[in-house]
Every structure is written in structure tokens, then in C-alpha cells.
Amino acid sequence: MTGEPVFTRSRELQLEANDLLPGGTNSGARAAITQGIYEGLSISTPSFFERAKGSRLYDVDKNEYIDYHLGFGPIILGHSNPAVNNAVRQQIEKGTVFGGNSEVELKLCRKFVKHVMSQGLTVLCSTGSEATSIARRLAMAYNKKKKILKFEGHYHGWADWNMVANVHSVIGSFAKNSGQRVVAADGVPQSVVDDVIILPWNDPAALEETIRREGEDISAVITEVYQANWGVIPPEKGYLELMRKLTKENGIALIFDEVITGFRMGLGGAQKEFGITPDITTLAKCVANGFTIGTVLARKDIMEPVISDRTYIAGTYNGNPLSVAAALATITELESSDYSKLYERGNAIMKGIRDSMSDNHVPGLVQGPGPLWSVFFTDLEKISFTRQVFSISMHPHIKRSAIFFQGLINRGVMAMPTRYGRMYLSFAHSDEDVKKTIEVSDEALKEAKGAVAE
Ligand SMILES: Cc1ncc(COP(=O)(O)O)c(C=O)c1O
């Protein structure tokens with residue numbers, strides 16, 4: 001890409017989209033790039049894309065990007081992976097939906113038993129939002145309690161119970177409400193809000209005190225294992241262990257939402273990394289490299305209400321052979337992929353951006369495990385809490401963040417411009433991509449520094 005990219009066709013199509021789709025997009029999460037607004041600052045981004053292959057994404061104006069957005073995370077093997085595409089093509093010829101079981105479902109479920117949850121039964125659905133809502137129902141049917149405890153900044157999908165102090169509702173709300181429950185969306189019944197408990201994550205005292213006080217009513221605790229929404233944030237040492245212990249002691253189902261981390265941080269997800277087994281696991285994104293699938297794994301006793309017909313889970317597209325064929329091919333490819341390479345390349349990019357921040361005296365932080373990370377513009381030395389991420393927008397150098405991400409896009413590197421600056425890596429990214437990304441980041445960072453007075 002030479003000079004500033006032009007987004008003429010994107011703009012034309014976006015005007016049409018604004019007339020046809022509510023807010024000009026089918027997913028509110030895409031608002032930053034479809035409306036070109038970042039923390040109230042104007043940005044210039046493509047909003048329509050034509051194709052993607054390997055590590056590359058192409059917009060409708062023929063601009064090419066090394067892609068670190070990766071469709072909000074599902075692309076782990078690289079875009080349009082040949083093995084996955086072939087598996088789907090072969091399945092299309094055999095049929096797309098049968099309304100009964102197909103043998104590929106069993107093959108896929110065996111993979112989950114092998115890699116993620118050896119004691120688990122599997123329910124396949126179509127999205128992460130469905131998976132977490134199924135998990136919640138399973139927990140309630142199992143222990144017959146009604147409340148769910150979730151954490152600030154953790155996003156588990158768009159269901160009613162999730163719209164309470166989640167990714168959207170916390171925007172601008174913490175200062176005013178100081179952590180009280182707030183609802184993101186009109187249309188969520190108060191009765192649903194009443195049954196959701198919200199806590200800051202990485203706060204063991206708050207967790208212990210709340211479970212001691214309300215444990216008898218809490219059906220499930222749901223958590224990301226390595227926070228990936230609203231900033232990539234690791235669990236503090238001992239925190240997940242405490243969560244496991246308290247939930248076990250109080251008859252509460254522990255749900256690990258690994259929709260982002262599953263098959264991204266390794267074949268066994270983040271839970272294998274931390275050596276903790278939850279009662280229920282949810283997976284989606286990386287399972288099928290961009291084809292739609294959601295997965296719920298749970299112990300047999302937790303699935304018992306389904307087996308004995310005390311509760312009900314169904315879906316026309318659950319376990320549909322197309323998604324399952326894609327998932328089976330994705331996991332098979334991942335089994336022979338070298339995850340250490342993914343970590344190595346991710347760490348190289350993180351180090352490159354960190355070095356550049358340090359050389360250019362730009363206060364900032366780059367943190368994450370390797371296959372995903374966040375670039376924060378902040379004076380803090382470490383980010384452990386979502387509220388710290390929220391404070392970034394009040395930092396005068398938030399403008400640097402906007403200019404940095406704009407600078408990446410202008411130079412052919414795609415990342416979603418947000419204050420939590422999340423970037424994903426795939427196995428298709430090469431050492432050349434890494435080198436170019438580090439160079440481009442340095443240029444974008446210099447531009448960002450120069451544009452803001454000290
Ligand atoms: C951790 C987590 N859980 C659940 C979801 C919802 O998944 P989906 O968008 O497939 O419904 C997301 C989506 O980003 C997520 O990040």
C-alpha cells in the first residue's frame with residue numbers, strides 16, 4: 001500500500017447499509033469501523049471487505065492488509081484454509097442439514113473429549129451466545145438455583161442476562177454507578193437483571209465475600225479464563241484456583257467461557273494452561289476457523305437434566321454437518337500445528353511494539369499470552385482490571401491510541417481500533433508479516449507521539 005488508502009467504495013456501500021441495516025451493520029460490535037468513530041474521535045477505516053486469504057484481508061477498494069482482527073478471533077489457521085474449505089466442499093455435495101445425527105458429529109465430539117474435557121458430553125449449537133445461554137440453563141436445571149455471577153468487562157454474548165454490566169453497559173457507567181448493575185440494552189426484563197450478580201474480576205475478596213453471602217442462590221459463576229474482551233488480561237495467580245474451590249464447596253457450577261481462548265491458546269484451551277477443570281466449558285470461534293459453530297461441554301451429571309428430559313435444548317442447525325465438517329478439519333489441522341511458533345511470533349510482535357514505545361518515550365503497555373494481545377496507551381505498568389481499561393479513555397493520550405491504530409490501517413495492518421487494542425494472530429502469519437508489522441507499528445507510533453503535545 002503506498003500513500004493513504006482510499007475507501008471510496010466502502011463509503012458508498014456504507015451509505016446504502018445505513019439505509020438497510022440498523023446502525024449500518026448486522027453486529028453492534030462492528031460500529032467502530034462501520035461508523036468511523038473511536039472514543040468520540042473520527043477515524044477513517046474500511047467497512048466493507050471483499051475477500052481474505054491466509055494472513056491477508058482485502059477491502060472493496062482493493063486495499064490489502066495483514067490481518068490481526070481476524071473476524072473478531074475465529075481465524076486461527078489463516079483465512080480460507082484449503083483443508084477446511086475442502087472438507088466443507090465435500091460435505092456440501094453430501095448434504096447440508098439432515099434433521100438427524102451424522103457420523104461426523106461423533107468424530108468431532110471425540111476430539112473435544114480428547115483435547116478439552118475428558119469427562120464431558122457435548123452439545124453443538126451455532127454461536128458462542130447460544131453456547132453460554134445453554135450453559136446457563138444446564139447449570140440452573142442441575143442445581144435448581146437461579147442467580148448467575150459474572151464479571152465486569154467479560155462478554156458472553158448478547159442474551160438478556162449478558163446485557164447486565166457487560167461490554168456495552170459499562171461504557172461510561174462505572175464513574176456514575178461505581179460498579180452497580182447497569183443494563184446495556186432496552187428490552188431486558190428487570191426480572192433478568194435481578195438474577196445477575198456482577199463483580200470486578202481478579203478480586204478474590206469480593207468473590208469470597210459474595211459467595212459466602214449469596215452462594216445458596218448462585219447457580220453458576222461464568223468467567224473468561226484469560227480475559228479477552230475489554231482488554232487482554234491474565235488471571236492473577238491463585239484467582240481461578242480460588243474460584244474453583246469456592247464454587248465446588250458451595251454447589252455452584254463453574255462455567256469457563258473459552259469462546260475466544262479455546263483452540264487459540266492451545267488445543268486444550270486456557271483451562272489446560274492453568275490446570276483447572278470447570279464443570280462446563282463453552283467454545284465457539286476458533287473451533288471451525290470462521291464457520292459458525294458453538295459448543296458446550298459438561299460432565300454427564302450436569303447434562304442429566306437433558307438426558308432425563310427435565311430440560312430442553314434444540315436447534316435446527318445444531319450439529320449441522322457443514323459446520324461440523326469445518327470444525328473437524330480445523331482441529332485436525334491444529335493437531336499438527338506447532339503452537340510454540342504462534343506464541344513465538346506473537347511475542348516477537350509484542351516485544352517490537354514495546355521496544356518502540358520505550359524508544360519513543362510513549363507511555364504504553366502491550367500484554368497478552370502470544371496468540372492474542374492488547375496494545376494499551378496508558379501510564380500503568382500492568383492492567384489487571386477492566387476498570388483500568390475504562391480509565392484509559394480519560395487519559396489525554398487516548399488520541400495517541402486512535403492515531404496509532406489509524407496509522408496501522410493506513411500502512412496495511414488491520415486491527416480493530418478500540419481503547420483495549422486487541423490483536424489476534426493466526427498460523428498463516430509469517431516471519432515476514434511479523435517483521436513488517438513491527439516496522440509499521442514503529443512508524444505509526446512515531447506519528448501518534450508527534451500528534452499529541454507532551
Ligand atoms: C468470551 C465470549 N463468549 C461469547 C461470545 C459470543 O459469541 P458469538 O458472537 O459467537 O455469539 C463472545 C463473542 O465475542 C466472546 O468473546
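Tutor: Taking a disulfide as a pair of cysteine sulfur atoms within 2.5 Å, the count is zero disulfides. This is a predicted model, in which local features need pLDDT of at least 70 and side-chain atom pairs pLDDT 80 or more, while totals for chains, interfaces and linings use all residues. Residues are numbered from 1 along each chain as its sequence is written, and side-chain values use heavy atoms, without hydrogens and water.

Student: How far from Cys109 is the nearest cysteine sulfur?

Tutor: Cys109 is in no disulfide. The nearest cysteine sulfur belongs to Cys125, and its distance is 12 Å.

Student: Is Cys125 buried or exposed?

Tutor: Buried means under 20% relative accessible area, exposed over 50%, and partly exposed in between (1.4 Å probe, protein chains only). Cys125 has 3% relative accessibility, so it counts as buried.

Student: Which residues does Phe404 contact, leaving aside its neighbours within four places in sequence?

Tutor: Contact means heavy atoms within 4.5 Å. With those neighbours set aside, the partners of Phe404 are Ile353, Val375, Phe377, Ser441, Ala444, Leu445 and Ala448.

Student: In S12, which residue is the bridge partner of Thr282?

Tutor: Helices (H or I, at least four residues) and strands (E, at least two) are DSSP runs numbered from the N terminus, and two strands pair if DSSP finds at least two bridges between them. S11 pairs with strand S12 (residues 294–299) in the antiparallel sense over four bridges. Within this pairing, the partner of Thr282 is Val296.

Student: In S11, which residue is the bridge partner of Ile255?

Tutor: Strand S10 (residues 253–257) runs parallel to S11, and three bridges join them. Both faces of S11 (residues 280–283) are covered, with Ile280 and Thr282 buried on one side and Thr281 and Leu283 buried on the other. The partner of Ile255 is Ile280.
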